[in-house]
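Q: Can we walk through a model together, one feature at a time? I want to know how to read each of them.

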Amino acid sequence: MHPIHIIGAGLAGSEAAYQAARQGVPVILYEMRPIRQTPAHQTDRMAELVCSNSLKTDQEGAAPWLLKEELRRLDSLLLRAAEIARVPGGHALTVDRVVFAQEVTRAIAAEPLIELRREEVHNVPEDRITIIASGPLTSDTLATEIGRLTGSGRLFFYDSISPIVEADSIDMTIAFRASRYGKSLDGTDDYINCPFDRDQYERFLDALLAGQSVPAHITEDQTPYFEACLPIEELARRGRETLRFGPMKPVGLVDPRSGRRPYAVVQLRQENLRADSYNLVGFQNHLRFAEQARIMRMIPGLERAEFVRFGQIHRNTYINSPALLTSTLQLRLNPDVFFAGQISGVEGYVESIATGLVAGRFAADLAQGRLPRALPRETAIGSLLHYISAADPSDYQPANITFDLLPALDDAAKQKFRRDKRARHAEVCRRAIESMDRFLEAHATV
Ligand SMILES: Cc1cc2nc3c(=O)[nH]c(=O)nc-3n(C[C@H](O)[C@H](O)[C@H](O)COP(=O)(O)OP(=O)(O)OC[C@H]3O[C@@H](n4cnc5c(N)ncnc54)[C@H](O)[C@@H]3O)c2cc1C
């Protein structure tokens with residue numbers, strides 16, 4: 001059997017290699033460190049955690065817990081290593097990063113079907129099964145090669161993420177539905193608009209200017225922001241009117257309650273494919289999460305907003321996956337090429353591990369002459385894969401796992417748990433685990 005080639009022995013690549021090998025398929029795993037370092041890695045170990053040592057909450061009933069629980073059921077090497085490396089961290093699965101990476105490195109070295117090659121890959125072999133898992137800090141030559149493989153304009157180098165809020169936490173007695181100049185795409189008034197009067201705008205601006213930013217992850221990274229996706233606090237620094245002529249412009253909108261054009265507006269757009277959530281259009285920012293919550297709740301109508309995700313801007317190499325990948329992480333133009341990890345358009349350690357795990361399984365299926373076995377949509381992993389491959393490619397943003405990526409409950413369940421969010425989430429988790437168990441049972445003998 002021909003070996004699978006995996007580029008990058010980070011979180012996704014290590015997990016993918018292990019999974020493919022456990023299915024009896026030989027793997028050649030390429031890692032450029034220590035010959036060539038990235039701006040964030042410090043060691044030559046596999047699965048090095050480059051920043052925080054937390055794999056997020058492990059509290060039963062939370063979306064990040066569900067993702068980890070599914071990975072445990074799928075026999076994830078990295079989740080096992082995390083258990084061994086676990087240090088006290090409250091509800092979070094927090095690890096000793098050295099022990100964690102050592103444990104993964106040891107397990108990969110002990111796997112007879114995996115050959116580790118310490119070299120930088122420049123070209124993607126298109127005639128062999130390959131998993132590209134070279135991460136957010138993919139080396140320059142490989143990035144150029146991926147750009148060629150995926151076509152122009154489908155490889156991004158910077159992430160600019162706007163905050164997302166839960167729909168039912170928006171105060172619709174203040175906010176109103178409308179599209180600029182009444183130009184709705186489907187006649188349903190596409191946006192929710194939060195109207196400001198002058199005083200509210202001035203107070204919001206003062207808070208934004210005084211807000212604390214997140215320190216840069218990679219200090220030597222001097223890459224300037226793209227002008228098209230400047231953080232709102234940077235826009236605010238350019239002049240007190242800049243936001244009012246940019247993402248907060250009120251033109252073409254009339255508040256039905258006052259009958260007048262507001263002084264400024266924040267527009268909220270329904271998230272494509274995410275149930276029940278809205279993003280704040282053009283509100284990417286670099287503020288600390290606690291600061292974001294405090295300042296964004298000064299927006300009229302968002303006083304009690306619940307945040308599904310906070311805004312961020314950081315260096316990140318990723319592809320426009322919905323335009324390129326199938327739900328089994330294969331390049332539509334060449335099904336022998338898979339993507340996994342952050343470069344495949346997910347965000348976060350555990351999400352990278354998850355896409356690595358399934359890419360390893362899918363690639364092993366293909367190497368053994370089978371069609372890759374897709375995961376059920378009701379599972380957290382199935383939902384991540386659905387998002388990666390089916391979100392709107394015109395404005396694609398990488399995602400963490402959250403409940404709004406999972407399919408909504410049916411009407412009866414929604415009705416039953418309508419006043420109890422925790423019970424609703426518990427039901428989504430129960431459905432996901434049951435579905436994963438059925439999937440595992442059905443494929444136990446394969
Ligand atoms: C600075 C930074 C901080 C982050 N902090 C967090 C955080 O705190 N929490 C969180 O959940 N997520 C964080 N992330 C996001 C993400 O979860 C991590 O980057 C995660 O490591 C991604 O896993 P991965 O497997 O896709 O990539 P990586 O773990 O980076 O693995 C990719 C591997 O590919 C190798 N490689 C690259 N190019 C080549 C090549 N041409 N040939 C051979 N090998 C190559 C690299 O050396 C690396 O080992 C952070 C990202 C960055 C950039």
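A: Start with pairing: two strands pair if DSSP finds at least two bridges between them. In this predicted model, E4 and strand E5 (residues 92-95) pair in the antiparallel sense over two bridges.

Q: Which residue of E5 is the bridge partner of Val87?
A: Thr94 is the bridge partner of Val87.

Q: What is the strand order in the open sheet of three strands?
A: The order is E3-E5-E4, and the pairing is antiparallel. Strand E3 (54-57) and strand E4 (86-87) stand at the edges. Each has a single partner strand, so one side of each lacks a neighbour in the sheet.

Q: How many bridges join E8 to strand E15?
A: Six bridges join E8 to strand E15 (residues 312-319), and the two run antiparallel. Tyr158 stands opposite Arg315 in E15.

Q: Which residues are buried in helix H8?
A: In helix H8 (residues 289-296), the buried residues are Glu291, Gln292, Ala293, Ile295 and Met296. Their cover includes two helices, H6 (198-210) and H7 (232-237). It also includes strand E13 (277-280) and strand E14 (307-309).

Q: Now the ligand. Which residues around the ligand come nearest?
A: A residue counts as near if one of its heavy atoms lies within 4 Å. There are 32 residues around the ligand, and Ala12, Glu31, Arg33, Gln342 and Tyr349 come nearest. Helix H1 (11-22) and helix H10 (349-367) each supply at least two residues of the shell.

Q: How do the residues of the shell divide into nonpolar, polar and charged?
A: The shell has 14 nonpolar, 14 polar and four charged residues.

Q: Where does a backbone N or O atom lie 2.8 Å from an oxygen atom of the ligand?
A: For polar contacts, look for pairs of N or O atoms within 3.5 Å. The 2.8 Å distance belongs to a backbone N or O atom of Gln342. A backbone N or O atom of Leu11 lies 3.1 Å from a ligand oxygen. For Ser52, the backbone distance to a ligand oxygen is 3.2 Å. Taken alone the ligand exposes 980 Å², and the protein buries 95% of that.

Q: Which peptide bond is cis?
A: Look at omega. A cis peptide bond joins Arg33 and Pro34, with omega about 5 degrees. Pro34 is in the loop between strand E2 (27-30) and E3.

Q: What is phi in Lys56?
A: Lys56 has a positive phi of about 70 degrees, although it is not a glycine. Lys56 sits in strand E3. Its relative accessible area is 39%, so Lys56 is partly exposed.

Q: Is Leu329 buried or exposed?
A: Leu329 is buried, because its relative accessible area is 0%. Phi of Leu329 is also positive, near 65 degrees, in a residue other than glycine. Leu329 lies in the loop between helix H9 (321-324) and strand E16 (330-331).

Q: Where is Arg418 found?
A: Arg418 is in the loop between helix H12 (411-416) and helix H13 (421-442). At 47% relative accessibility, Arg418 counts as partly exposed. A polar atom of the Arg418 side chain lies 3.1 Å from the backbone oxygen of Gln415.

Technical notes
Residues numbered from 1 in each chain as written. Predicted model: local features only at pLDDT ≥ 70, side-chain atom pairs only at ≥ 80, totals over all residues. Heavy atoms only, no water. Polar contact = N/O pair within 3.5 Å; in protein donor to acceptor, adjacent residues only side chain to side chain. Areas by Shrake-Rupley, 256 points an atom, 1.4 Å probe, with all protein chains shown as cover. Helix = DSSP H or I, 4+ residues; strand = E, 2+ residues; numbered from the N terminus. Nonpolar A, V, L, I, M, F, W, Y, C, P; charged D, E, K, R; others polar. Buried < 20%, exposed > 50% of the residue type's maximum accessible area, 1.4 Å probe, protein only. Contact = heavy atoms within 4.5 Å.
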